[in-house]
Amino acid sequence: MFNSLSDRLTQTFKNLRSRGRLSEADIDSTVREIRRALLDADVAVPVVREFTGAVRERALSEEVSGALNPAQQVVKIVNDELVAILGGQTRPLNLAKTPPTVIMLAGLQGAGKTTLAGKLALALKEQGHTPLLVAADLQRPNAVSQLSVVAERAGVPVFAPHPGNTSAADDPAADAPLIGDPVGVARDGVAEARTKLHDVVIVDTAGRLGIDEVLMKQASDIRDAIMPDEVLFVIDAMIGQDAVNTARAFADGVDFTGVVLSKLDGDARGGAALSVAKVTGRPIMFASTGEKLTDFEVFHPDRMASRILDM
Amino acid sequence: SPLGARLLEVLSRDSLTEDDWDELEEDLLLADIGAGPTTELLDSLRTRVRVLGVREPSAVRELLREELVALVGADMDRSLHLDPVLVEDGPRVPAVLLVVGVNGTGKTTTVGKLARVLVAEGKSVVLGAADTFRAAAADQLTTWGARVGVETVRSDKAGADPASVAFDAVARGRDDKADVVLVDTAGRLQNKAGLMDELGKIVRVTSKVAAPSEVLLVLDATTGQNGLTQARVFAEVAGVTGIALTKLDGTAKGGIVVQVQRELGVPVKLVGLGEGPDDLAPFDAADFVDGILG
Ligand SMILES: Nc1nc2c(ncn2[C@@H]2O[C@H](COP(=O)(O)OP(=O)(O)OP(=O)(O)O)[C@@H](O)[C@H]2O)c(=O)[nH]1
Ligand SMILES: Nc1nc2c(ncn2[C@@H]2O[C@H](COP(=O)(O)OP(=O)(O)OP(=O)(O)O)[C@@H](O)[C@H]2O)c(=O)[nH]1
Ligand SMILES: [K+]
Ligand SMILES: [Mg+2]
Ligand SMILES: [Mg+2]
């Protein structure tokens, strides 16, 4: 039942009457298979539509009908197109000419931002940098203590002047849903880094929904206050069709400069990677691959393409 | 006769354009219903539309709405079973509710909201922080508990055995004659055998005092097709009795639960509608379908 796309395509091509020459009907059924594979991998509907259109066009060309093995040729085209959208080549972090380099994290609730803060800090520390973590999520219960534990595990300092949402804090259920002044914390955090000569500052922010105007405004205020060199949008590899809405909302809200795909250690196919890269044009820079702080790597577009296609 | 056959064909052709059908298909796909189920739903709808001779796109949409409501609202027991258990010749033991699921879906938050609801109903509640792994997970749960005056049983050591913390929480609930013990567990991806074994152990060890009355799988509404795999594996390992579908306050529709309910027969019992303590509601099939079809 769960044949890989290449198996299914090979099957489709077996039925060809005249070997090597593809009719339009052959191409159509091929494109249907590709469409199905992409949808099963959670690639967003509009992205699937555009993608299959492009593949269909190339499949109708001489490049395929003249090929020795049209099935393999189509698979190759699909793969190439995927890798092209996913970025071809990844880029490293933009480091500021005049330190500190300011990195802001943003994304939906539970995406993996706080964990990533620790991972980035550890990786940068091992490269000889002196990162400072800033606890600007005052919203989620005990986010500040979570970041502090993560910082300790990474062996880096944390700037956490406000305890955030704890049992002792005012209950955010009451009239004022927002706690403290995360914009001020972020700004002070960057100032602190400058004073204490940290060459990188990583600002953790609260999770928020794309349609939450109040919280999105808060995120863009944080951005304006700290003028980050990188705004990393963290997105869960398990996300489905909502990836497009969410990515657009964060692109509009905080104008992120790069994407981090999290929880890639799971068995989700991760079509969201394609959706986000396609609709925002921002590069996917890193992959988070576990709960430990060392489970963190540079993103590989070619591996991701194979994963999406299940090849 | 050929004429009769042709006449029949013309008469029974539905008058919707392919664009109309594409639009319906897109609505279902965009809601994460999945490509397979979407095709099935629309194929059977096309047949009904022909048989019934429905011609208006809006009427077809209404038919689809009815079918979806019937499908997701299927007669299932959606109540939480949290009555204290009377062990034969033994003590009265509290009902145990366990939340399980992959990382970051909203397990701890759902426990916090549930504690609030139960306390409001006059029940005595104990929380168990059996997530000993995630940084500050027990603090997070304790914050939720403290706000409603409920005690959280936890371990001082990070990385303590989660099964023994769960056991301690249930034992405390029994000794304190509590009505319900809510046990929070660590997020775990279903493809990690070691972590799934650990979950199985939590269920087994807890059952020495009281078998869980409810095992809620917390699914994030933004989850795509992987949600079905999550449900299959968690159901097998932990005997899931219900789904809590969180983050429905966003733009995601949570359509994956349609397949989950159908394949596993496990009902969606609760929906999460925000980060606040009152943002928890019973599942309502009509509301859910309206979210999908707009
Ligand atoms: N398996 C796995 N789990 C991860 C990964 N990244 C984060 N997590 C887990 O996902 C959960 C949520 O991670 P957080 O870092 O708290 O996410 P967040 O975006 O900061 O969440 P909020 O602050 O609530 O919005 C935790 O259980 C993490 O341990 C990953 O790459 N793989
Ligand atoms: N918008 C919204 N956010 C929610 C909802 N439920 C939980 N959250 C948020 O999602 C994030 C993760 O919630 P948690 O309760 O920590 O999730 P978890 O499953 O316990 O996470 P781990 O223990 O790390 O696996 C937090 O920021 C919550 O505030 C909901 O229904 N709607
Ligand atoms: K929604
Ligand atoms: Mg966080
Ligand atoms: Mg938790």
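Me: How far is an oxygen atom of ligand 2 from a polar backbone atom of B:Gly104?

Reply: The distance is 2.8 Å. This is a predicted model, where local features need pLDDT of at least 70 and side-chain atom pairs count only at pLDDT 80 or more, while totals for chains, interfaces and linings use all residues. Residues are numbered from 1 along each chain as its sequence is written, chains are lettered from A and ligands numbered from 1 in the order written, and side-chain values use heavy atoms, without hydrogens and water.

Me: Which other backbone atoms come up for ligand 2?

Reply: A polar backbone atom of B:Gly106 is 2.8 Å from an oxygen atom of ligand 2. For B:Gly272, a backbone N or O atom lies 3.3 Å from an oxygen of the ligand. The protein covers 97% of the 650 Å² of accessible area that ligand 2 has on its own (Shrake-Rupley method, 1.4 Å probe).

Me: Where does ligand 2 lie, and which helix gives the most to its shell?

Reply: Ligand 2 lies between chains A and B. Helix α5 of chain B, residues 107-120, gives the most, with four residues (helices are DSSP runs of H or I, at least four residues, numbered from the N terminus). Around ligand 2 there are 23 residues, and A:Arg140 and B:Lys107 are among the nearest (near means a heavy atom within 4 Å).

Me: Now ligand 1. Why is that site called shared?

Reply: Residues from chains A and B surround ligand 1, so the site is shared between chains. The closest of its 23 residues are A:Gly112, A:Lys113, A:Thr114, A:Thr115 and A:Arg140.

Me: What side-chain atoms sit by the oxygens of ligand 1?

Reply: An N or O atom in the side chain of A:Thr114 is 2.8 Å from an oxygen atom of ligand 1. A polar side-chain atom of A:Glu291 also lies 2.8 Å from an oxygen of ligand 1. Protein covers 96% of the 650 Å² of accessible area that ligand 1 has on its own.

Me: Which of its residues are buried?

Reply: B:Asn226, B:Gly227, B:Leu228, B:Gln230, B:Ala231, B:Phe234 and B:Ala238 (buried means under 20% relative accessible area, 1.4 Å probe, protein chains only).

Me: And what comes just after α9(B)?

Reply: B:Gly239, which takes a positive phi of about 60°.

Notes: A polar contact is a pair of N or O atoms within 3.5 Å; within protein, one must be able to donate a hydrogen and the other to accept it, and residues adjacent in sequence count only if both atoms are side-chain atoms. Buried means under 20% relative accessible area, exposed over 50%, partly exposed in between (1.4 Å probe, protein chains only). Helices (H or I, at least four residues) and strands (E, at least two) are DSSP runs, numbered from the N terminus.
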